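This report describes a predicted model.

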Amino acid sequence: TALMYAALFNHPAVVRRLLRAGADAAPTFDGKTALQLAKEKGHVECERAIEAAAREAKRAEIEAKVERAVAERAAAERLEAERAAEEAAAALLAEEESEKCAKEKKKGKKKGKKKGGGGGAGPSQ
């Protein structure tokens, strides 16, 4: 790869630019990576650039995992809050319905007493 050639022929600026552009340091040639080639040849600047890019990639990977975990936790908390709100709303509706039924029963009893009138032996003759 271009990265391997830059590391092999000691072009640290090219190595850095390729890595910033997203070059993959993992591919091998004859079983050796760009980092191994730079080490073998004693190209310290290329070595450092590749190692720094690897550290940065690892840091970014960890940061992305943390961000995903935070987002998943926030989503779970939102779902729990929505579930709790739904339960509270259902309880309030049930309470309202119960109160409404109780009021209707009271009204029904009062109307029943009014319709009965004098209550007693019945019509007199």
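In which helix do Glu77 and Arg73 lie, and how many residues apart are they? Both residues belong to helix α4, with a spacing of four residues, or about one turn of the helix. Glu77 and Arg73 form a salt bridge in which the closest N and O atoms are 3.2 Å apart. Arg73 is exposed, at a relative accessible area of 58%, whereas Glu77 is partly exposed, at 48%.

**Salt bridges**

Side chains of opposite charge can pair when their charged atoms come close. In this predicted model, the count comes to nine salt bridges. The table sets out three of these pairs.

| Pair | N to O distance |
|---|---|
| Lys32 and Glu40 | 2.7 Å |
| Glu63 and Arg59 | 2.6 Å |
| Glu77 and Arg73 | 3.2 Å |

Glu63 and Arg59 also lie in helix α4, which spans residues 44–116, and they are four residues apart, about one turn of the helix. Glu63 has a relative accessible area of 40% and is partly exposed; Arg59, at 39%, is likewise counted as partly exposed. This pair belongs to a network of salt bridges that links Glu56, Arg59 and Glu63. Lys32, which pairs with Glu40, is partly exposed, with a relative accessible area of 29%.

Helix α2 covers residues 12–20, and its residues Pro12, Val15 and Leu19 are buried. Because these three residues cover an arc of only 55° around the axis, they are on the same side of α2. Ala13, Arg17 and Arg20 are exposed on the other side of α2. Just after this helix, Gly22 adopts a positive phi of about 105°.

Thr33 is located in the loop between α2 and α3. Is Thr33 buried or exposed? Its relative accessible area is 18%, and a residue under 20% counts as buried, so Thr33 is buried. When residues up to four places away in sequence are not counted, Thr33 touches Ala25, Ala26, Pro27 and Thr28.

**The nonpolar core**

The largest nonpolar core has 12 residues in all: Leu3, Met4, Ala6, Ala7, Val15, Leu19, Ala34, Leu37, Ala38, Cys46, Ala49 and Ile50. At least two residues of this core are supplied by each of α1 (2–8), α2, α3 (34–41) and α4. Which helix provides the largest share of the core? That share, four residues, comes from α1.

Val15 and Leu19, two of the buried residues of α2, are both members of this core. Leaving aside neighbours within four places in sequence, Leu19 is in contact with Leu3, Ala25, Ala49, Ile50 and Ala53.

**A nonpolar patch on the surface**

Nonpolar side chains are also found on the surface, where Ile62, Val66 and Val70 form a patch. Together these three residues have about 270 Å² of accessible area. Val66 is part of helix α4 and, at 48% relative accessibility, counts as partly exposed.

Methods. Residues are numbered from 1 along each chain as its sequence is written. This is a predicted model: local features need pLDDT of at least 70, side-chain atom pairs count only at pLDDT 80 or more; totals for chains, interfaces and linings use all residues. Side-chain values use heavy atoms; hydrogens and water are left out. Buried means under 20% relative accessible area, exposed over 50%, partly exposed in between (1.4 Å probe, protein chains only). The arc is that of the directions from the helix axis to the C-beta atoms. A salt bridge is a side-chain nitrogen of Lys or Arg within 4 Å of a carboxyl oxygen of Asp or Glu. A nonpolar core is a set of buried Ala, Val, Leu, Ile, Met, Phe, Trp, Tyr and Cys residues joined through side-chain atoms within 4.5 Å. Contact means heavy atoms within 4.5 Å. Patches are made of residues with over 30% relative accessible area and no salt bridge: like charges are joined within 9 Å, nonpolar side chains (Val, Leu, Ile, Met, Phe, Trp, Tyr) within 5 Å. Accessible areas come from the Shrake-Rupley method with a 1.4 Å probe; for residues, only the protein chains shown count as cover.
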